[in-house]
Amino acid sequence: MVSKILNANVALPIANELSDDLPLTGEGAIEIPDRLPLLPLRDIVIFPFLIVPLFVQREKSQRAIESALPSQRLIVLATQRDPENEDPTDADLHRIGTVAVVMRLIKMGDGRVRVLVQGLTRAALLSVTEEAGYLRAQVQPIAETTVELSLEVEALVRSVKSLLERVVALGKQVSAEVLAIANSLDDPGRLADLCASNLDAKISDAQAILEETNPVARLRRVHDLMAREVGVLTVQQEISSQAKGEIDRSQREFYLRQQLKAIQQELGEVSDLGDEVAAYQEKIAEAQLPESAREEAARQLKRLERLHPDAAEAGLLRAYLDTLLALPWRVSTEDYIDLPRVKAVLDADHYGLDAIKDRILEALAVRCLKPDAKGVLLCLVGPPGVGKTSLGRSVAKAIGRKFVHISLGGVHDEAEIRGHRRTYVGALPGRIILGLQQAGSNNPLMLLDEVDKLGHDFRGDPASALLEVLDPEQNHAFRDNYLGVAFDLSKVMFLLTANVTDTIQPALRDRLEIVRLPGYTQEEKLVIARRHLVPKQMAENGLTGKRLAIAASALRAVIARYTREAGVRQLEREIGKICRKVARRVAEGAEEKTIVAAATLADYLGAPKFQADAILAQDRVGVAAGLAWTSVGGDVLHVEALLLRGKGGLLLTGKLGEVMKESAQAALSYAKSRARELGIEPDIFAQHDLHIHVPEGAIPKDGPSAGITMATAMVSALARRPVKRAVAMTGEITLRGDVLPVGGIREKVLAARRAGIKTVILPARNQPDASEIAAELVKGLRFVYVNDVSEVLAAALGKPVKPAPGKSAAK
């Protein structure tokens, strides 16, 4: 026998979650079999249409639930007459229960089962038998009586809703969702069931409401219970108000804790929160916290003590206390500043860079004489791979300080520096505080890497936040938003790095002492490769000197033809590639020692990636060699000028930037104004166009350094005077013909020497820069210092060349 009850759209949770499993008729009604598994309830009555979680411990009850799951998920719930009875039978159960659907089942670790059920309809238990180790009942669903909404019923409905609101106002814990549902209900039966399930009614009263099939009579019963509940709550509130002033704070807290403990025991939620709080109190007492931090820790611990251990806020407070207690408030490492030893460590870890090492030693010497001195902030500026980060690590190792590396590249959020406020989910301290926690001391050497790549947007300006971190006048009381208390950063030794200074915020740059790392020469790279890179890569690839040897000629070839950089990162990668190929041979059984020479280098690295800079084979008209500075060092660029039939236009190609275009215009204007002095025919400008091109057109180029090079190439093409092939130059030009100083002199001179240039033309005001270059690096070079373009042309141009027969001067 199968009974049909309620339409499937009356309870949305059922329709949403279980529509695939419940047996439905063609009309949308749920079919109730006449025999169902039975789950006895100890101290609760389940009403139709309500979703209730249950904890099931008895084996019979668990078997009943398991038998309901595979088929229809339907089960009948009946309350025991005696809650203490562990093995109820037919006579021990109330005769009216609720047919429910099992919505969810979770097996707990302690052997219990947690199920989520939703009542469907009332049902009469005709008989109860035990089968297969669990109870089954023959049930008869009880249909809900239809009620006409009269004025009396409507008044009763409104009165019950008003009483429910009154109960909530008197302190009864009823969720806002239940209130909203109750206010939207007009059906007296549904309203009665909802209110009854949220009252602390006796089991007998709740069972009586369940057994009442008339909706109006049922609602009257609920109304009477709620009126009585309002009276009890009113008296209770009056008693509490009278007793509140008579109980002192300590007694009241003890009373509340005992109540909370009793409630948790009843719910099976007893935890070791008390032990946890005691452990935190012990840690706070032992930690060497400043007074402000100690007060904040105690305040947050009191909040934790009042919370449920599984509350979300409790986890946040634990994380905060752990962070606060883990910080090295008074833990410092002892400096060991022995300048000869520091210099030895720096020399062992880094070849060259003498000027930078001297500046670091000077700063340490001041700190040695005056430990509390407010030292300058050094910012190491240079191309990638020249050793900025490793210098900081070497200094920390040499003086016995912890080393903290913080990369700031791409940071846009100010909270990365100052920390997140604890009101946000997932809040963390800023990188500075996290670095100190990682170091375990309050005086590490902290390297702030790539400060030139800091960004800013609607989340703030991290560079501005760094001002408080780095300023000696402020950082003794740095306040991280997450901590909420001041931390002393004055003992931290800060060292910053950047690739360029243009993108560093002006206010931050003003506080820094810029120390430039210009890059390595080929000779320096060769020494670095032999001392550091080759042994490191051989060790990382499992090789020894018995298996591999790389000749100096091969290293020079790798540096010149396979890398183009100011540092040594790509050089290390290429050496690593050689080692890996040799390691494969060894792993395949080769026993002979491999010697890599320049002639066999292509077998390991393939065809050369770069052609070494070289001078032209002969003097050429309209081609001048210029010296450029790039992020990977110096370079030699040939500027080409060509005359074409036209109307005096200027065509510029080679992906030139705005500054180079303006330099070309200035050079052309200078040539026009001095045409007679330079031996240029006056009418040549009106009859010809001038095309200026800088090869390697895919690479963007910009800067004022090519001014005199463009002027030389133009005058050469216009006057038919070849440019000496062994001459290279750099300098900015003005309309008057003055030559202005430029930067990157060391890198440009090294590039000229590498290309085989014999004469280098430099602005006269750059002579001090050239004098700082080591003598062995400029051996064989002749410097010509100029103040005017006429001096440049005199040193760079040869005698006029007549056009070949049958060819025009424009070609």
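The largest cavity in this predicted model is lined by Leu643, Gly648, Gly649, Leu668, Lys672, Ile684, Phe685, His688, Asp689, Leu690 and Leu718, where a cavity is a set of points, on a 1 Å grid over the protein atoms alone, at which a 1.4 Å probe fits but cannot get out, and lining residues have an atom within 4 Å of a point. Two or more residues of this lining are given by each of helix H23 (658-673), helix H24 (684-687) and strand S22 (688-693), helices (H or I, at least four residues) and strands (E, at least two) being DSSP runs numbered from the N terminus. The largest share, 3 residues, comes from S22. The lining divides into 6 nonpolar, 3 polar and 2 charged residues, with Ala, Val, Leu, Ile, Met, Phe, Trp, Tyr, Cys and Pro counted as nonpolar, Asp, Glu, Lys and Arg as charged, and the others, Gly among them, as polar. The volume of the largest cavity is about 70 Å³, a volume being the space filled by probe spheres set on the points, which are joined across faces, edges and corners.

By this rule, 3 cavities of 30 Å³ or more are counted.

Residues are numbered from 1 along each chain as its sequence is written. Local features need pLDDT of at least 70 and side-chain atom pairs count only at pLDDT 80 or more, whereas totals for chains, interfaces and linings use all residues, and side-chain values use heavy atoms, with hydrogens and water left out.

Helix H3 (residues 151-169) has 19 residues, which at 1.5 Å a residue should span 27 Å, in agreement with the 27 Å between its end C-alpha atoms; the expected span is 1.5 Å times one less than the number of residues. Its buried residues are Val153, Leu156, Val157, Val160, Lys161, Leu163, Leu164 and Val167, buried meaning under 20% relative accessible area and exposed over 50% (1.4 Å probe, protein chains only).

The protein chain contains 28 helices and 28 strands, and 46% of its 811 residues are buried.

Methods: On a 1 Å grid over the protein atoms alone, a cavity is a set of points where a 1.4 Å probe fits but cannot get out, and a pocket is an open set with protein on both sides within 12 Å along at least five of seven lines; lining residues have an atom within 4 Å of a point.
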